[in-house]
Amino acid sequence: MKILVPVKRVADPDNANKVKVSDDGTKVTSDGLEWKMNPFDEWSLEAALRLTEDVSKKGMKGDDGKPLDRIGEVVLVSIGPKDAVQTIRQGLAMGAERGILVEAEDSSLDSHVVAQVLAAVAQKENPDIVFLGKQSADGDSNVAGTKLAEMLGWPLVNYATSIRTEPGSDTLTVTRALDGGVQTIEVKMPCVLTSTDRILHPESVKNGVTPEDHKYPESEGGRYASLKGIMAAKKKPLEETTLEALGVTPKRTEEYVKFALPPAREGKATVVESVDELVEKLHSEAKVL
Amino acid sequence: MVCVRPSVREIGPMTVDYYGIDEELSEEERLVRDNVRRFVSDRILPDIGRHYQQGTFPVELIGEFGELGLLGANLKGYGCAGMGDVAYGLAMQELEWGDSGVRSFASVQGALCMYPIHAFGSEEQKERYLPGMARGEIIGCFGLTEPDFGSNPSGMITVAERLSGGGFRLNGTKRWITNGNLAHIAIVWAKLNGKVHGFLVPTDTPGFTARKIDDKFSLRASVTSELILEDVEVGDDALLPGVSGMRGPLSCLSQARYGICWGAIGAASSCYETALAYAKDRVQFRRPIAGYQLVQNKLVHMLSEITKAQWLTLRLGRLKEAGKVRPAQISLAKRNNVAQALEIARMARDVLGANGIMYEYPVGRHMMNLETVYTYEGTHDIHTLIVGQDITGLAAFE
């Protein structure tokens with residue numbers, strides 16, 4: 001099984017107070033930001049790694065030196081400037097096989113162009129699954145996966161909470177959480193998937209090879225990259241390409257008109273004398289009653 | 001569909017980096033630092049206060065240390081990660097950002113036990129022990145210090161004698177031995193015909209006893225023991241063949257002290273981060289205490305010393321990677337970084353007021369831990385004399 005996992009770098013939310021908007025308000029300036037893999041992409045990457053491994057052979061190597069626990073291929077793709085490579089390396093260190101960087105300026109991209117690029121990469125790579133994060137933690141647009149499925153003409157299952165398959169099968173059984181229930185979908189590959197955090201549940205991914213009773217550790221994110229994984233990642237193939245080389249003519253459908261930071265909070269406290277005065281002020285000044 | 005926002009913990013907090021040292025690191029080094037920090041944040045911090053209070057080491061995490069490759073991380077081959085010395089140092093820094101006891105475990109296993117087997121062991125010894133030690137399945141301890149021989153280890157009275165039928169008999173007592181009661185294998189340094197040699201002693205060998213030292217107020221999330229060897233008989237294959245004399249144990253200490261240089265920065269950073277956040281939040285006389293000159297003086301002193309230590313230690317790491325580092329240079333950094341970290345911890349405790357003595361915050365724990373780090377692996381004063389001897393050519397301790 002071959003899975004294409006797009007990984008986007010996003011500004012580290014812990015560093016969010018450093019996000020600044022340019023003077024004319026047309027773009028977010030990236031100077032001094034620390035970058036992390038979009039956490040939603042990380043969830044999908046974790047699920048993709050689980051689908052393509054046999055944990056009973058963990059740490060074992062074949063005569064050719066290749067790890068025996070890897071039974072499929074995970075290919076990472078990121079679209080962005082050169083230093084987005086670090087995000088791909090993190091994914092390679094977690095266990096993915098190889099990476100593709102499509103060089104582009106962040107300012108030249110919108111969800112439509114991203115979907116166009118991913119469609120071109122998918123057509124070249126022919127994966128069984130393109131497994132995206134449901135959205136990016138910065139833009140929150142939540143449309144790239146849907147557009148991609150439409151462009152490829154592939155089935156789409158958004159917000160997967162569990163996935164089950166068998167070796168050699170061309171079908172995935174995917175569940176989604178609905179209000180008050182669970183929906184189970186059978187989907188033929190190739191297909192496009194996105195996930196929710198429930199995909200990280202210890203028993204959410206079953207590939208028919210890893211022992212049925214295996215439980216992954218409880219986690220709020222993907223697996224840690226081991227130091228050996230980080231060393232191995234240095235030697236994994238990383239291809240750099242461009243929109244032109246992929247034959248993509250970017251067709252932006254959105255223009256970002258204005259960005260604004262939230263207004264600074266005013267820390268004003270008023271001491272009131274009585275409950276009546278409090279109610280009056282909540283009604284006439286705060287207008288919450 | 002509810003949008004689940006990633007939590008702060010999942011991403012991990014940022015590190016203290018006032019001068020942009022991040023840009024001096026390779027991609028691989030940054031990945032090591034970030035992944036180890038996330039591991040420490042997720043897996044160690046939630047429970048370490050309880051372990052410290054109860055005086056227990058988080059043994060449940062040893063397998064995960066192995067899986068992450070934290071044990072013997074800068075050794076090549078035999079299942080070790082083969083990291084560069086700076087990447088290894090950053091891993092130690094992040095572990096001690098969690099707790100000095102946790103970093104001590106990794107230092108003893110990797111630098112004091114795996115390193116001598118790797119450097120001085122026979123091929124058979126390396127194959128037998130190193131892969132299992134890297135996985136955390138075989139735990140080691142390092143027996144050098146004795147009750148009456150601390151700063152002067154060459155005075156040791158533990159002896160080995162060659163047996164007529166082959167093998168050796170060991171007698172003596174070792175004290176302040178980290179991991180002693182967890183260990184499957186002890187590296188015991190003993191005098192054979194007056195010369196110091198290293199012996200690999202399985203801890204289940206008859207005559208070998210480990211006694212846990214419980215009544216300590218520092219490094220409580222770490223196992224400290226006394227080892228008693230009474231007519232312990234081991235085979236010829238227990239001897240580390242590659243070294244004799246004090247060069248053996250001293251070269252191990254250089255490895256471990258190098259890790260401590262980085263670790264101290266981690267503990268200091270945790271204290272500084274905590275004090276800064278607390279001072280900005282804590283209001284007295286109607287404004288945050290961070291706005292008062294005396295508090296700012298403390299915070300700036302902390303940041304200044306951390307920043308200096310970072311650059312000093314990064315340079316030390318690059319020297320080590322180039323094979324050019326001298327033991328006295330490691331002594332200078334150990335002496336400086338630990339003393340500064342201890343002072344920073346005490347200042348942070350002060351900034352936190354009464355909260356500084358509570359388990360809720362990490363600073364009291366770091367402060368108490370660092371009292372041990374100040375003394376072990378060469379006391380502050382001994383490192384002063386090592387550097388003093390290096391620059392004057394005159395030994396003050398002999």
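Reader: Hello! How do the residues of the lining of the largest cavity divide into nonpolar, polar and charged?

Author: They divide into six nonpolar, three polar and two charged. Here Ala, Val, Leu, Ile, Met, Phe, Trp, Tyr, Cys and Pro count as nonpolar, Asp, Glu, Lys and Arg as charged, and the others, Gly among them, as polar. Please note that this is a predicted model, where local features need pLDDT of at least 70 and side-chain atom pairs pLDDT 80 or more, while totals for chains, interfaces and linings use all residues. Residues are numbered from 1 along each chain as its sequence is written, chains are lettered from A and ligands numbered from 1 in the order in which they are written, and side-chain values use heavy atoms, without hydrogens and water.

Reader: How many cavities of 30 Å³ or more does a search of the whole structure find?

Author: Rolling a probe the size of a water molecule over the atoms shows where empty space is left. In this structure the search finds four such cavities (a cavity is a set of points on a 1 Å grid over the protein atoms alone where a 1.4 Å probe fits but cannot get out). The largest cavity has a volume of about 90 Å³, counted as the space filled by probe spheres set on the points.

Reader: Which residues line the largest cavity?

Author: The lining (residues with an atom within 4 Å of a point) consists of Thr15(B), Val16(B), Asp17(B), Ile21(B), Leu25(B), Arg33(B), Leu90(B), Gln93(B), Trp262(B), Gln310(B) and Leu314(B). Helix H4 (85-98) and helix H8 (293-321) of chain B are the elements that give two or more residues to this lining. Helices (H or I, at least four residues) and strands (E, at least two) are DSSP runs, numbered from the N terminus.

Reader: Now the backbone. Is the peptide bond from Met189(A) to Pro190(A) cis or trans?

Author: Most residues other than glycine have a negative phi, and most peptide bonds are trans. The bond from Met189(A) to Pro190(A) is cis, with omega near 5 degrees. Pro190(A) is in the loop between strand E11 (181-188) and strand E12 (191-195) of chain A.

Reader: What phi does Phe285(B) have, and is Phe285(B) buried or exposed?

Author: Phe285(B) is not a glycine, yet its phi is positive, about 50 degrees. You can find Phe285(B) in the loop between strand E8 (283-284) and strand E9 (287-288) of chain B. Phe285(B) counts as exposed because its relative accessibility is 70% (buried means under 20% relative accessible area, exposed over 50%, partly exposed in between, with a 1.4 Å probe and protein chains only).

Reader: Where does Glu377(B) lie?

Author: Glu377(B) lies in the loop between helix H10 (363-375) and helix H11 (380-392) of chain B. Glu377(B) has a positive phi of about 60 degrees, although not a glycine. With a relative accessible area of 15%, Glu377(B) is buried.

Technical notes
On a 1 Å grid over the protein atoms alone, a cavity is a set of points where a 1.4 Å probe fits but cannot get out, and a pocket is an open set with protein on both sides within 12 Å along at least five of seven lines; lining residues have an atom within 4 Å of a point.
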